[in-house]
Amino acid sequence: MSKILFLADGFFAKEFIKNLYNNKAFKESVDIVYYNDESVDLELKNEQFSYFKFDPTSLVKLENMLQEKYQQVIIYMQKQADMISSYKNIRKLHPRLNVVIMDLWNTQIDDNFCEVINVFDTLNTRLIGCLDNMPSMAQFIGLGQGEIMEVKIPAGSSFAYRHISSISQKRFKIVMVYRNNEFMLARPGLILMPNDSILIIGDPKVLQSVFSNVKTSLGRFPSPFGDNILCIIDMKKMSEFSIEKLIFASLLLHIRINSKKLYFKVINPTLNSMYYKLKSLNKNSTEVLFDYENTNIKNIKNYIENTNIGLIICEDYLFEKEKNFLFTLKIPILKAGKGDFADLKSSVVLSSNFEDVEGIASIMLDFNKQIQLSLSLYYYALKINKAEIFEYHQYFESLAKLHDEKFTLIEEKEHNPISNFSYKENVLHFVPFNEKILGNNIKKIFKTDLNTMYYKMNKNYQLFIPSL
């Protein structure tokens, strides 16, 4: 049986021994060294627990004790001088023996075979994890670097009322769901509800981002993708009318939604009336950058990350040309339509696949509420599945109540609803930004998936939303 040496002094050490003694899962043998009778309860004695009374700061006495082979030494003392002296004695006798120190003084020990547990850091981390808007980290499992996290889903979260399968889990995984003091293993069909807690594992940096996404409340778009808007203008390719229309749409949207700053990135600058108009906008919460060198849109990735962009606004031709690159950015793209943004009367989402829309639903309702348009949801499938329609309707009703938003659900059994909107210019079209969007549009002519056929509504303003 493996043996542990425990150097104990003080009330906290006594409580630790008591808890260890009562822990049925603990099977190791422990030799407890103490020099203060108040530090131990000698009644807690059995074949596992043995007690030895002497001062471990004495090298000679400790040397006799270490004739035994121990796999680990735990030092839990109430005086820093005694702790350091005992530790140094152990190192003189066994340079590589595993030592664990309970530290009350923020002691710095440079030793690869010694683990120092700072009591105050541990308590502070535990207390911070109890706060509503802070993540709970697993400290004593794995590496303890934040790769395991528990997050509570608030009402209005973009994760609420969503199937786990609809959440894009890249570099992280939802492994457990806690609800009503019970746990459930995560499965694709499980719907996350407000007040659920989820256990997630993955890259610590990614988990911090996931935490922010889960905690994002209503009326926050473009968050959780970012805080700011970027409008891309190519003065060489765009007419003055198109530039003015895009400027107006960007300014209006900046006012209506919860963006902190509006950036204009102008490539291929040309001296005309629009140049001076853009230059005059460079003030307050609007910034204009004329870029004479980087004319390729693919050069803006670092700029987008550095300016915390959560929404890009661009022309139709630019979106079609660079949609593969824009897809890699994983942020929403607003593609301009033929008319003016101010003339939009309603918004619509067209779906023949429930899972596609579920992944963007919360973001879509948040955005729509901020710009105050009436929303219609069209569900079209050649074979109508009543159970799926009912689930679709229940899901959106729950989300709509959460967002205090109204919507109309329309079932299309015969006619493709795209034909009703392709000629209009005053409708905002929400589109899930997934792989179906990519590729050559000519090859999509005979497709029946409405998401794939988005290009037939290119006269409309279209918001392409990646799934969180």
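**Legends to the close-up views**

**View 1. Arg179 and Asp196 are joined through their side chains by a salt bridge with an N to O distance of 2.6 Å (a side-chain nitrogen of Lys or Arg within 4 Å of a carboxyl oxygen of Asp or Glu).** This pair links distant parts of the chain, 17 residues apart, with Arg179 in strand S10 (residues 172-179) and Asp196 in the loop between strand S12 (191-192) and strand S13 (197-202). Helices (H or I, at least four residues) and strands (E, at least two) are DSSP runs, numbered from the N terminus. Asp196 is buried at a relative accessible area of 2%, whereas Arg179, at 23%, counts as partly exposed; here buried means under 20% relative accessible area, exposed over 50% and partly exposed in between, with a 1.4 Å probe and protein chains only. The structure is a predicted model in which local features need pLDDT of at least 70 and side-chain atom pairs count only at pLDDT 80 or more, while totals for chains, interfaces and linings use all residues. Residues are numbered from 1 along each chain as its sequence is written, and side-chain values use heavy atoms, with hydrogens and water left out.

**View 2. Other salt bridges, from a count of 13.** Asp37 forms a salt bridge with Lys53, and the closest N and O atoms are 2.8 Å apart. Because Asp37 lies in the loop between S2 and S3 and Lys53 in strand S3, the pair ties together parts that are 16 residues apart in sequence. Asp37, at 49% relative accessibility, counts as partly exposed. Lys260 and Asp227 also meet through their side chains in a salt bridge, at 3.8 Å from N to O. That pair links distant parts of the chain, 33 residues apart, since Lys260 sits in the loop between H6 and S15 and Asp227 in the loop between helix H5 (204-215) and S14. Lys260 counts as exposed at 58% relative accessibility, and Asp227 is partly exposed at 23%.

**View 3. The open sheet of six strands, with parallel pairing and the order S3-S2-S1-S4-S5-S6.** The edge strands are S3 (49-53) and S6 (114-118), each of which pairs on one side only, two strands being taken as paired if DSSP finds at least two bridges between them. Neighbouring strands of this sheet are turned by 20° against each other on average, direction ignored. S1 (residues 3-8) and S4 (residues 72-76) run parallel and are joined by five bridges, with Leu7 opposite Ile75 in S4. Helix H1 (residues 11-22) lies across S1, S2 (29-34), S3 and S4 and runs at about 150° to S1, whereas helix H4 (residues 119-130) lies across S5 (99-103) and S6 and runs at about 55° to S6. Axes are lines fitted to C-alpha atoms, for helices over the stretch in contact, and angles run from 0 to 180 degrees between N-to-C directions; contact means heavy atoms within 4.5 Å.

**View 4. Strand S15 (residues 262-267), mostly covered, with six of its six residues buried.** In a regular strand the side chains alternate between the two faces of the sheet. Here Leu262, Phe264 and Val266 point one way from S15 and Tyr263, Lys265 and Ile267 point the other way, and all are buried. S14 (residues 228-234) runs parallel to S15 and is joined to S15 by six bridges, with Asp234 opposite Ile267. The chain passes from S14 through helix H6 (residues 240-256) to S15 in a right-handed β-α-β crossover, right-handed meaning that, with the strands pointing away from the viewer, the path from the first strand over the helix to the second runs clockwise. S15 and S16 (residues 286-291) also run parallel, joined by six bridges, and Tyr263 has Glu287 in S16 as its bridge partner. From S15 the chain crosses through helix H7 (residues 273-280) to S16, and this β-α-β crossover is right-handed as well.

**View 5. The largest nonpolar core, of 101 residues, in which Ile198, Ile233, Leu278, Ile312 and Leu428 have the most contacts.** A nonpolar core is a set of buried Ala, Val, Leu, Ile, Met, Phe, Trp, Tyr and Cys residues joined through side-chain atoms within 4.5 Å. A second, separate core of 18 residues includes Met65, Met77, Tyr87 and Ile101.
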